[in-house]
Structures are given as C-alpha cells and as structure tokens.
Amino acid sequence: MQILKAVYINEMFKISKKKKITAVFIFTIISVIVASIVEYSLNNFAGIRITGSSEFSIMVLTILSYSLFPLFTAFICIDLFAGEFTDNTIKFTLTGPASRVKVFLGKIIAIATFIIANLIFAMVLSVIVSLIKNCIIPNLLKILISYIMAFLPIFIFALVVVLISNITKGTTSTFMLSIFVFLVFNGLTLAFPQIKSYLFTSFFDWYRLILGSYINFSKIFRVFLILLGYGIMLFTAGYYLFERKDI
Amino acid sequence: MLDKAIVIENLSKMYKNNRGIQDINLEIDQGEIFGFLGPNGSGKTTTMKIMVGLMKADKGDVKINGFSIINDYERAMKDVGCIIENVTPFPYLTAYENMQLRGRFIRQVDEEQIDKCLGVTGIIKYKNEKIKNYSLGMKQRLGIAMAILSNPKIIILDEPFNGLDVEGMVEMRKLITNLSKQQKTTFFISSHLIHDIELTCDRVGILYKGKLIGVDSNHNILQNYSSLENYYLSEVDLNADS
C-alpha cells in the first residue's frame, strides 16, 4: 500500500508541475465566461431563452464534455504513459521499486483525480457565474449528480488513450490516434444511429437521463453497465500491454 | 545473511534480429564489485534491464538477495539502486524534486539524506535547477545520487562513467570503492572504459555476442596478463569465430 501511495503522490506531483495544468484551468474559466456571455446576449438581445438558472451549469458541462474535458484528459494520459515511454522517465518509477500493477493503478487513479478536479472546478465556476447572472440558487443536487455522472464516460475515454499509449510509439501518434478514435466513434453515432447505444462516445451526455421530469432508472442502469463493461475491458487490455512492455 | 547478492540463472532473451543474450549464468557475492565488459550490442544493457525488471526474459530468472525478480519484484528490488542506459530524470522538475520522487518509495528518506547524496555527487549547488538545464555529466551525477539515496545493499550501474569529466570519474571510482569497503555494498557495473573497470572492480565478466565467455577475478587476470585490456582482447579473439 505504501508503494501504491508513493506512486499516486508522485504522479499527482508530476501533474501539478506541468504547465498544461495552468492552461487547463485558464481554458475552463474562458469557456465558462464565453458561454455565459453568449447565453446572456441571446437571452437579452436576441430574445432567445436557451437556459434557466440551473441549466447554465448543465450547458457548460455539455460543451466541455465534448470538447475540452476529453482533450485535457488525453493530454494528461499521454504525458503519464506515452510521454514517459518516449523519454524513458518511466524507468525511474518502475525501478522505484514498484511492481507494474501498482504503477499502472497509481497512474490511473491520478488520471481519475485529475478528471474529478477538472469537473469540480468547472461545476463550482459555472454555479458561481449562474448565481451572479440570475441571482437565483440553481438546483444544486441535479447539477452535482450530472457532474458526477459525466465523470464515467470521460474516464472511459482516458482508458482508451492509455490503451493507445501502450500500443503506439510516441506522443504525437498517440494523440492523433486518440483524436481519430474520438471523432470516428462520434461519426459512427451520427451515421449509424442503430449502433449508438454500443458506443461509449454517445454517452458523454448520459446525465441528461436524470434531468427530465421522468427518470428512467432502468435505462440509466443499462448505460452504466455498458460503460462499466467498457471500463473493465479497457483497463484489463491497458494493463496487459503495460505489464508486457519492454522498456 | 545470504552470501550471494545476485544470482543469474539461464538468462536468455532474443530479439527479432536474432541478437540478445543466451543462457547467462552468474553469481555475485555480497560486497563484491563486479565489472561487466563487452563490445557494443553484446547484451550488457539487455542483461541489466532484465535484472531490474525493465524487460522480461524469454527464459531464466534473476535472484537478488534471494528474491526472484519475476515472482517477488518489490522485495528483490527493495535494496537495489540502479542506473540503466542513460540517466533520464524528469526534465521539468528540479534535481531536488526528482530526488523527492525517488525518496517517496523509501520510508527513512528525509531532506537531510537527499542533501547528503547530492553533496556526495557534487551537485548540491544546483539542486534547485531544472533538469532541462543540466549537462550530461550533471544528469549522470544526479542518477548516481538517486541510486545511493536509500543506502542500497546492491547498486547496478550501466555505463556510470558516461558523460563524466576526469575529476568526476575519479570521484566516482572513490565513491564506489568507499561504499564497497565501508558499507559492504555490492556493485554490478558495465562500462566500455576498461581502465576504470580495471581500477575499480574485484571480478570481471566478459559478454560477447550474447554469451558470457569469461569470468575471473581481477587479481588472477593481472597475474596472467599485462592488463585487463589484453585479457579482454584474448577472450574475444578466442570466441570470435564461434
């Protein structure tokens, strides 16, 4: 346990020292502010009401779930896996000494922590902006559950990037392939709606299932199981390749 | 206490280009300084990578302090410090932060111990500088500081003299012999610099085309040959056609 803890703290320390982290938070702030200005302009000048007080946070989540969140997550996954394979810094962690299962697990937990921190930051920021704009307290429970639910598909995408990192050689190829997979899966969702329910990318907004007046729990459970299945398969495949990799 | 620090048994690893290592058997005693010599591509780094778990062997095993590197990795590597191939610390971190990363794996490491190791290797002045500004020699010194951070019983060094200036090489030799004498630290060192191996090591093994073709003590070698270089060349000549 001490070694797993050491790996996790080290990974979080490395993430915190990267300049990308500052960029992540700056871009998140910019996105929320731009979304707020656009919404305010449409509401007040075009006469189009696109969101209520609590929906602003959900709108921000929808925008970020399909854009910046997967992008930032891909960057961090690439840094922690493909980046360390490329510049051989992975040797320091492995000879720490830490068994490969602990290194893999420590890195995955660190990535999950990053995604959670990113979601919390966006949620708090959007709620504050929403409060300032509307002077009404939004439905915090709905917002909180939506942000919690948004974690799972982003985490699944992180596992896809980790898997690709263990297959390809180099950071650029990993990044390109990850973006390609993301776009192809989204394209398939549009081109073949009948297979939509099998592609994890179509569940990036699955939190919408709890937003209506009627909540279909069986559908939520079914989607959860599909995402869980993706998670187990991707984690196992990623670990298998990581364990066998010659450094 | 086990008298064998490292036991290598039937170690084999072949690459797709048919190069690699074949049936390496070797035993290193506690407190011994063992030199591993061989031309480029003979398999020295492959052997050392397998020894520290960075590569998987096709066949065979390595036991460090009695623990198998395959079945009991963490216990086998608990008292091992190493530099394999080139030293590659995290470039966006300082030397001190890189040492902290290593120190988190070891319970008893504190700031004082980190400073002591950086002091011994002569880079304490630059401990707060980022690694991206370090020269090759400074990185090498940092690698050695990291390797000795936990006061390990065994230190595995692949080309430790690479990038060091003459002063650095002399300091490094002194450090190795002092640790071996005072703390009975076992060293497994590979190097192209035959002179340094001759001056530092108690016993030498020669790896050629992936096979261990000769192992002897430095004392015996220098009784029968005028220098380690002559011994090395004669062993390589004998095996050149096989």
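Predicted model: local features only at pLDDT ≥ 70, side-chain atom pairs only at ≥ 80, totals over all residues.
Residues are numbered from 1 along each chain as its sequence is written, and chains are lettered from A and ligands numbered from 1 in the order in which they are written.

Let me begin with chain B as a whole. Its secondary structure comes to nine helices and 10 strands, where helices (H or I, at least four residues) and strands (E, at least two) are DSSP runs numbered from the N terminus. The C-alpha trace of chain B spans about 50 × 40 × 40 Å along its principal axes. For 242 residues a compact globule would have a radius of gyration near 18 Å, and chain B agrees with its 18 Å; that radius is taken over C-alpha atoms, and the globule rule is 2.2 Å times the number of residues to the power 0.38. Of the contacts in chain B with a separation of 6 or more, 68% are between residues 24 or more positions apart, a contact being two residues whose C-beta atoms, placed from the backbone, lie within 7 Å. Buried residues make up 44% of the 242 in chain B; here a residue is buried if 20 or more other C-beta atoms lie within 10 Å of its own, exposed if 12 or fewer, and partly exposed in between, again with C-beta atoms placed from the backbone.

Now to the sheets of chain B. One is an open sheet of six strands, in the order β6-β7-β8-β3-β9-β10 and with mixed pairing, where two strands pair if DSSP finds at least two bridges between them. Strands β6 (80-83) and β10 (211-217) of chain B stand at the edges with a single partner strand each, so one side of each has no neighbour in the sheet. From one strand to the next, the twist averages 15 degrees; for such angles, axes are lines fitted to C-alpha atoms, for helices over the stretch in contact, and the values run from 0 to 180 degrees between N-to-C directions. Within this sheet, β3 (residues 33-37) and β9 (residues 203-208) of chain B run parallel and are joined by four bridges, with G35(B) opposite V204(B) in β9(B).

Helix α5 (residues 136-148) of chain B touches β6 and β7 (154-158) of chain B, and its direction makes about 165 degrees with that of β6(B). Helix α9 (residues 228-239) of chain B touches β3, β9 and β10 of chain B, at about 35 degrees to the direction of β9(B).

The other sheet I want to show is open and antiparallel, with four strands of chain B in the order β2-β1-β4-β5. Five bridges join β1 (residues 4-14) to β4 (residues 59-64) of chain B, and I8(B) stands opposite V62(B) in β4(B).

What about helix α1 (residues 44-51) of chain B, and why is it described as largely enclosed by the rest of the structure? Seven of its eight residues are buried, so the description follows from that count, and K44(B) and K49(B) are among the buried ones. Just after α1(B), G53(B) takes a positive phi of about 80 degrees.

E159(B), in the loop between β7 and α6 (166-183) of chain B, has a positive phi of about 50 degrees, and it counts as buried, with 20 C-beta neighbours inside 10 Å. K209(B), in the loop between β9 and β10 of chain B, also has a positive phi of about 50 degrees, but K209(B) is partly exposed, with 18 other C-beta atoms within 10 Å.

Finally, chain A. Between the chains, 21 residues of chain B are in contact with 21 residues of chain A, and α2(B) gives the largest share of the chain B side, three residues.
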